[in-house]
Amino acid sequence: MSTVSGIDQPIRPLTVEPGLIAWGALVALTFACIALQRSAPWLVNFPTVWQVPIAAWINVVSDATVPVIQPLFRSISAFLDVPMRAMQGALAWLPWPIMMVIVSAVSLKSGGARLALFSIISLSYMVVAGYWPQSMNTLSLVLLAVPIAVGLGFALGVLGYRFPSFRPGLLALLDLMQTVPAFAYLIPLLLLFGFGPVVGLIASAIYATPPMVRNTMLGLDRVPSDIRESGLMSGCTRRQQFWQVEVPSALPQILIGFNQTTMAALSMVIVAAIIGGFEDIGWEVLSSMRKAEFGQSILSGLVIALFAILIDRLTLGFAKERPIGPTPIMAWMSWRRLAMIVVVALVAAVSQRHLWPDAWALPSTALRQQVEIVNVSLTGIVRDYAWFFNGARNVVLYSLLLPLRLGIVGAATPALWGFALTPTMIAAYVVLWLALAFLALRSYGWRLAVALCMAGLLLFQGFAGLPWPALVLGFGLLAYRLAGTGLACFAMLGFGFILVSGLSAPLSQSMYLTMLAVILCLMIGGLLGIWAAHSERASKILRPICDGLQTVPQFVFLIPALMFFKVGEFTALIAIMLYAIVPPIRYVEHGLRNVRADVVEAVQQMGATPSQILMQAKFPLALPVIMLGINQTIMAALSMLAIAALVGTRDLGQQVYIALGKADAGLGIVAGLSIAFLAILADRLTQAGARQAGSME
Amino acid sequence: MTQERPIKIACHNVWKAYGNRPSYYFDSRGYKIDPDALADRMRAEGHLPAVVDASFEVATGEIFVIMGLSGSGKSTLVRCLSRLVEPSAGEILLDGRDLLKASPKELIELRRHDMGMVFQNFGLLPHLTVLENVAFPLKIQRKGQKEREERAREMIALVGLDGREKSFPNQLSGGQQQRVGIARSLAVGPALWFLDEPFSALDPLIRRQMQDEFLRLQKMLKKTIIFITHDIAEAFRLADRLAIMRAGKIVQIGRPADIVLNPADNYVAQFTEDTPLLRVIKAGDLATAINGTVVDHDIDAGASIEELIPLITGGVKAFGVVQADGTRRMIAAVDVLAVLERDSRRQAS
């Protein structure tokens with residue numbers, strides 16, 4: 001708003017929006033950098049002489065400090081090794097039918113007959129498929145990691161609740177813990193704690209702690225003041241007030257944290273298999289994928305999926321009350337009856353092990369030994385339909401991936417597209433984009449016009465050929481416009497750090513891969529979300545699919561992608577999209593369904609067509625929710641980036657993975673922090689965007 | 001009504017200010033500043049004076065209502081009285097002892113035995129049943145299970161919720177939940193009873209029922225009550241005396257009849273203009289010495305003037321008014337009709 005020109009001023013000065021000047025300058029700068037590329041290449045590619053060996057410095061520091069503090073951590077590791085072996089031993093000793101009885105009794109208490117049936121089927125599948133011992137090993141890690149994470153998370157959450165001055169630091173720590181890819185901190189953990197399953201345990205406890213902290217704080221913050229004051233007026237001491245009033249009132253939220261923590265622990269236990277050497281289900285998936293045994297990887301991937309869904313439903317059943325109250329069977333299964341069943345089952349286990357030690361042995365030949373046929377036929381299918389899979393891959397690769405990475409200037413070569421760019425073509429391209437920008441300027445304002453100019457430039461030049469000053473200043477400007485100086489400084493410092501560390505090539509790879517995945521997910525997922533918002537049946541079909549995709553650990557998405565498309569960037573794209581497609585579906589549906597009914601009715605009453613209602617009433621009103629969906633999509637894509645590195649990319653995730661292979665702590669930390677920076681920046685930017693969209697109402 | 005009863009709680013020049021440095025405004029040199037000027041200065045300097053120089057006294061067994069719109073500081077004031085909110089300045093005397101000097105331990109003891117409070121949104125613990133909620137203050141005091149359940153059942157019967165002991169709060173209606181809140185606040189048998197907008201979250205019909213219920217309870221229990229509301233009709237209906245607050249300041253204190261008949265300023269007058277005098281003014285307010293007049297009919301001093309109209313049309317010329325202490329005074333029918341006339345003039349203007 002330019003209110004400078006008061007009434008008494010004779011001539012109203014020509015005011016241009018400050019944003020337009022800044023963005024226009026940025027477009028001009030980008031042009032200038034590209035134009036001067038020949039004579040001054042450092043304008044486009046970050047000069048190597050300016051790079052600083054940060055990774056090497058970190059390694060020097062860690063080489064010096066690790067031997068000093070190592071004994072302490074090794075002793076912790078030895079200390080944790082004892083309960084872990086005990087737990088593994090106990091679960092291996094427990095006969096599988098007894099385990100089934102116990103799990104289904106707990107399921108009856110948590111979710112009723114249907115959940116119990118599901119748990120019996122899932123566990124039977126694990127036995128029949130031949131992955132029982134591995135599943136129990138994974139379970140033992142989860143059973144140990146969860147109490148550590150829950151205890152630690154609760155303590156930190158209470159700390160943040162009680163002492164607000166701790167909170168900013170705590171929140172920053174949580175952001176880092178959740179955005180630095182787990183592989184990156186596996187390296188220092190390996191150095192400190194030594195090789196072995198305990199590292200997986202510790203890594204998953206660290207990874208699983210943040211949701212518990214956040215939910216504990218949230219729950220305690222949200223205890224209604226009336227309840228708090230009624231406790232005080234009853235004469236509670238501080239301790240009584242905390243344990244008998246505040247914690248019980250916050251318990252539903254804390255239990256949600258417990259559910260999320262358990263799922264995170266499971267997901268991490270499976271990823272930790274990458275450091276290998278431990279007979280768990282994650283290792284089975286990984287090794288069968290490496291050996292291209294797709295039958296086995298599908299079988300074991302299914303075990304992980306069932307495992308995850310079962311644990312999720314079990315913990316969620318305890319966390320959330322059913323709106324219509326417990327089913328009769330849930331009510332019948334009181335805590336006392338449950339305890340009795342468990343005791344009886346354990347007695348049965350002991351007597352069986354002593355009296356008939358050979359009964360109930362696991363089947364000697366399992367499905368996994370008999371899937372050679374599946375392997376052969378899958379390989380056959382992939383080979384016979386190679387024209388289809390390769391075709392699909394090549395179309396996307398040549399028409400989307402390469403132009404985005406190398407730009408049209410790089411892709412339009414005889415080798416790739418079969419022709420080279422002529423000056424006429426370039427001129428036509430420029431005219432086309434300028435015309436688009438002009439149209440946008442006329443009907444939607446300057447923001448879209450400038451955005452189109454940038455998009456045209458980007459597509460022509462490619463992410464790899466984007467001048468780094470334009471990148472840094474562009475994100476700085478965006479952050480400044482959306483959230484102010486603080487975020488702008490953060491953005492520019494972060495990009496500066498990545499460039500100085502010499503990771504500019506992986507950075508542009510990461511950005512273009514993420515961006516492409518996010519755009520495709522938003523388009524496909526958005527359409528599905530619109531469909532689901534307008535059709536009950538679509539919603540019913542999509543909901544369990546989304547639930548499943550969100551519950552299953554990210555690792556599993558690599559299996560189908562790898563099976564059909566082999567190693568490569570396209571495969572990574574598919575895997576990322578499988579994981580990141582859920583938020584747009586969910587949030588678009590939720591946003592559109594929960595638009596204020598009175599507004600929609602008013603527009604309908606004016607005689608708007610359904611598409612007018614959608615585009616002119618529902619979409620603008622649902623925008624804040626949809627922005628949150630975009631936020632979640634970007635976060636999901638970035639978190640999958642590191643895992644997708646396993647199927648071959650050249651991005652920051654791959655750098656982390658390389659560092660893990662070489663035990664290069666410095667590179668791992670630098671690349672991990674870079675990914676965390678991208679994630680935190682994307683999060684803050686989209687949240688600021690959502691706030692702006694929300695404040696327009 | 002006029003008889004002197006001991007003062008239960010007194011509040012002298014109590015202030016509560018929010019901001020960066022509220023203590024800056026209150027030094028102990030003891031000279032008196034004009035409260036309005038100080039409040040204005042606080043507002044100008046980025047502080048929020050939520051309670052401005054509040055002073056009043058409440059006698060044992062009295063229902064004292066604090067009335068004001070939202071943001072007038074009434075909820076903050078009642079929280080100062082129980083020290084849920086720490087006053088910035090002033091003095092609060094409970095049975096003559098300075099409440100603000102009580103140590104945390106003493107405060108807990110006071111809350112455990114001498115105070116009960118009812119909250120607008122009930123403040124029930126969602127994980128406890130009705131019985132456990134009502135027994136909660138006793139549990140906090142580590143009373144035995146049997147003793148506290150017995151007492152809780154008694155309280156539940158008192159508020160008419162027998163049979164719902166095993167229900168959880170979310171299975172009850174709003175009115176029932178507030179009955180639980182009332183039962184809980186009475187479980188320790190406090191002499192001082194705070195009610196912070198107890199019926200504001202309820203539907204009008206239920207609110208009316210709960211007000212009757214409240215008056216019935218008070219007739220039996222004879223607590224000293226501080227009752228917060230934003231509803232002027234509720235205030236006039238329940239109050240022995242009421243205080244009207246505006247922007248943190250108490251603008252008038254008095255019996256309902258005093259306030260409708262002699263509003264302190266335009267603000268109070270606007271507030272009360274829709275309230276029929278007939279309903280607010282009680283027979284005792286108009287009664288004069290009997291001086292040998294022949295009375296036709298005896299009525300209670302607490303009866304509203306409204307109830308006398310049918311009797312006057314039936315031919316009664318003078319009423320005998322029986323005071324709470326048994327003595328008798330009188331009202332002439334003409335005086336009642338004068339109120340009626342004044343009322344209709346008010347409505348017309």
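Student: Into which domains is chain A divided, and where do they run?

Tutor: Chain A splits into domain 1, residues 83-355, and domain 2, residues 503-695; domain bounds like these come from an automatic or database domain assignment. Before we zoom in, bear in mind that this is a predicted model, where local features need pLDDT of at least 70, side-chain atom pairs count only at pLDDT 80 or more, and totals for chains, interfaces and linings use all residues. Residues are numbered from 1 along each chain as its sequence is written, while chains are lettered from A and ligands numbered from 1 in the order in which they are written.

Back to our two domains. Their C-alpha centres lie 26 Å apart, and 29 residues from domain 1 of chain A meet 29 residues from domain 2 of chain A. Contact here is about C-beta atoms, placed from the backbone, that lie within 7 Å. On the domain 1 side, helices H6 (167-179), H7 (182-193), H10, H11 (281-290) and H12 (294-319) of chain A each put in at least two residues. Helices are DSSP runs of H or I with at least four residues, strands are E runs of at least two, and both are numbered from the N terminus. H12(A) has the largest share of that side, nine residues. By type, the domain 1 side has 22 nonpolar, five polar and two charged residues. Nonpolar covers Ala, Val, Leu, Ile, Met, Phe, Trp, Tyr, Cys and Pro, charged covers Asp, Glu, Lys and Arg, and the others, Gly among them, are polar.

Now look inside. The largest nonpolar core has 193 residues, and Ala145(A), Leu186(A), Ala203(A), Ala575(A), Ile576(A) and Ala580(A) touch the most other members. A core like this is a set of buried Ala, Val, Leu, Ile, Met, Phe, Trp, Tyr and Cys residues joined through C-beta atoms within 7 Å. Buried means that 20 or more other C-beta atoms lie within 10 Å of a residue's own, against 12 or fewer for exposed and in between for partly exposed, with C-beta atoms placed from the backbone. Helix H28 (residues 610-644) of chain A gives the most to the core, 18 residues, and domain 1 and domain 2 of chain A each supply at least three. Take Ile576(A) as an example: leaving aside neighbours within four places in sequence, Ile576(A) is in contact with Ala517(A), Ala637(A), Met640(A), Leu641(A) and Ala644(A).

An unreviewed entry places the feature "domain: ABC transmembrane type-1" at residues 135-315 and 507-686 of chain A; the positions follow the numbering used here, feature names are shortened, and annotations may be inferred rather than shown by experiment. Over residues 507-686 of chain A, the chain is 85% helix and 0% strand, with the end C-alpha atoms 20 Å apart.

Finally, chain A has a partner. The contact between the chains takes 16 residues from chain A and 19 from chain B. On the chain A side, helix H9 (225-233) and helix H10 (238-271) each give two or more residues, and H9(A) has the largest share, six. That side divides into eight nonpolar, six polar and two charged residues. As for chain B itself, its secondary structure comes to 14 helices and 13 strands.

Key
Contact = placed C-beta atoms within 7 Å.
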